[in-house]
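Okay, thanks for coming, everyone. I've got one model to walk you through today, so let me put it up on the screen.

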Amino acid sequence: MANESSAQVREQAHKRRSIAVISHPDAGKSTLTEALLLHASAIGEAGAVHGKAGRRSTVSDWMDMERARGISVNSTVIQFPYDEALINLVDTPGHADFSEDTFRVLTAVDAAIMLVDASKGLETQTMKLFDVCRERGLPVITVINKWDRPGKEALALVDEIAERTGMRSMPKTWPVGEAGFFHGLLDPQHQTMQRFRRTPGGTKKVVADQLSDAQAQAEYSDAWATAKEEACLLESDAGSYDRRAFLAQEATPMFFGSAVQNIGIEALLAFVAEEAPPPGARADTDSRKHPVDEDFSAYVFKIQTGMDPAHRDRIAFARVCSGVFERGMVATHAQTGKPFATKYAQKAFGRERETVDTAWPGDVVGLVNAAALRPGDTLYGGQRTVVYPRLPHFAPEYFREARCADAGKHKQFRRGIHQLGEEGIVQVLHSERRGAQHPVLGAVGPMQFDVVVERMRGEFNAPLHLDVLDYSFACQIDQEAGEVLTGHRDCEVVAREDGTLLGLFPNSWKLRSVKRQYPDLTLEPMRGIA
Ligand code: G4P
């Protein structure tokens, strides 16, 4: 790449902030997404994205089931400018069970906004997500949401984060008034207060007045004094804001607010624009780091089908890691070595599509009808081969045997199961014992199976029958162990579509008994990401 365009790529990359909002379900992720877009003027009225009853039509809720359950299943990528930055907000699936899919999205961003419900503190999914972020080396910004209603004490939440995640909190805003009696936010750095005036239903931008220390003292004497004292206590305990500690995941910048009231959003956006990391060099399978200004490279982190029921389409979402993506360019598909033409590339904003002509490091492009691409695949533009590491899997904990419920629909059944496996909705496992017609489905949570049944029926026209299998964990095993254990009555050997072998066990007693029988085999239950 010529020097001039290298500089241009670096400049464009430097502007990008690719982030995801993550949380335990119901903490307010969709509401916060709306609020961020509203403040960045990417949408005119809150409700346009989440599509609550009585508000405008939805932008990111695609499936019937999403509406029925009120959860967000699909991921959307939305790009909007804020100050000097260009923010790529990658939406993540909302339910606790969709961990594998969520995990994949987290490989495509450079920082995460962790939303915590003020009254609930750190929930199961919050903890899992903190772990994933640590594993990925992803800096985390913590937002304590729903401060407009009664909840835990701010300092108690700080302690909980420190105890359970090992990260210290660096308050960038601090609440004036306890949860449920919220007057505004203290800016600990400038010792000023932002006071918010609520708007009906929170659908319009809130107007915030800026109060000086003296004004805040005069109007909110006790609450203001407490807020200052607490913020000061925290700073003397944990030190002041330190960007290095944020990027190194030693500490998390902390914000308070109310997504539904649009309170505290401006400060969060300003922080993302100023402090969140831009895309950096990414390591390939040989641990060689590719700086952003090298030739074009990208990897596919997500495959999505059925986004538009009118067109049976399949979109591969690729994150640009280096260089410039130009629509129409012919890249090389690293996994096959074949050329890949990028004629149809889109930005995705819910149902609305927009063609993307150019994309820079940190951006996400939707490659339409890219049948050859699989999640984890790499595309590169230069002469030199680039292969980024494959996407890891979550350890499955729930298992079902799938059967086609309509004898005439075997073809649709096979296609659908394969597709949903590729999307990361469920892990598809094959067992000699059951044969190809009866794959085993593995999930991190049981709700993933509801999604499979629903999509198989609605999208692939292949009604499905699922039988519960009494396994509760899996061990990754090698070929030799696979041969030894095939047919064993206390365990079942299955193969993932990528060829990895897993031994499934009903409980730890059976595992111990198999271990006693074969002391030379390494049998360790998979945990978290594997
Ligand atoms: P999710 O995507 O994380 O699952 O959460 P979502 O935004 O759907 O929000 C879950 C519920 O929490 C919604 O209520 C939403 O209105 C509410 N909520 C979000 N942010 C705040 C906040 O700052 N304060 C308060 N008090 N509530 C908040 P719902 O009853 O499920 O829906 P709705 O009918 O109220 O819209």
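Let's begin with the sheet towards the end of the chain. Seven strands make it up, and the order across it is β27-β24-β26-β25-β29-β30-β28. The sheet is open, and its pairing is antiparallel. At the edges you've got β27, residues 464-469, and β28, residues 473-477, each of them pairing on one side only. On average, neighbouring strands here are turned by 40 degrees against each other, ignoring direction. Before I go on, do keep in mind that this is a predicted model.

Let me zoom in on one pair. Strand β29, residues 492-496, and strand β30, residues 501-505, run antiparallel and share four bridges. If you want a spot to look at, V493 sits opposite G503 in β30.

Now, which helices lie across these strands? One is α11, residues 410-423, which lies across β24 (398-404) and β25 (427-431) and runs at about 125 degrees to β25. Another is α12, residues 447-458, lying across β24, β26 (440-443) and β27, at about 160 degrees to β27.

Over to the ligand. There are 19 residues around it, and the ones that come nearest are G28, K29, S30, T31 and S258. Helix α2, residues 29-39, gives the most to that shell, with three residues. By type, the shell splits into nine polar, six charged and four nonpolar residues.

Last, the whole protein. We're looking at 14 helices and 30 strands. Out of 530 residues, 50% count as buried. And of the contacts with a separation of 6 or more, 69% are between residues 24 or more positions apart. Okay, over to you for questions.

Conventions:
Residues are numbered from 1 along each chain as its sequence is written. This is a predicted model: local features need pLDDT of at least 70, side-chain atom pairs count only at pLDDT 80 or more; totals for chains, interfaces and linings use all residues. A residue is near a molecule or strand if its C-beta atom, placed from the backbone, lies within 6 Å of it. Helices (H or I, at least four residues) and strands (E, at least two) are DSSP runs, numbered from the N terminus. Ala, Val, Leu, Ile, Met, Phe, Trp, Tyr, Cys and Pro count as nonpolar, Asp, Glu, Lys and Arg as charged, and the others, Gly among them, as polar. A residue is buried if 20 or more other C-beta atoms lie within 10 Å of its own, exposed if 12 or fewer, and partly exposed in between; C-beta atoms are placed from the backbone. Two residues are in contact if their C-beta atoms, placed from the backbone, lie within 7 Å. Two strands pair if DSSP finds at least two bridges between them. Axes are lines fitted to C-alpha atoms, for helices over the stretch in contact, and angles run from 0 to 180 degrees between N-to-C directions.
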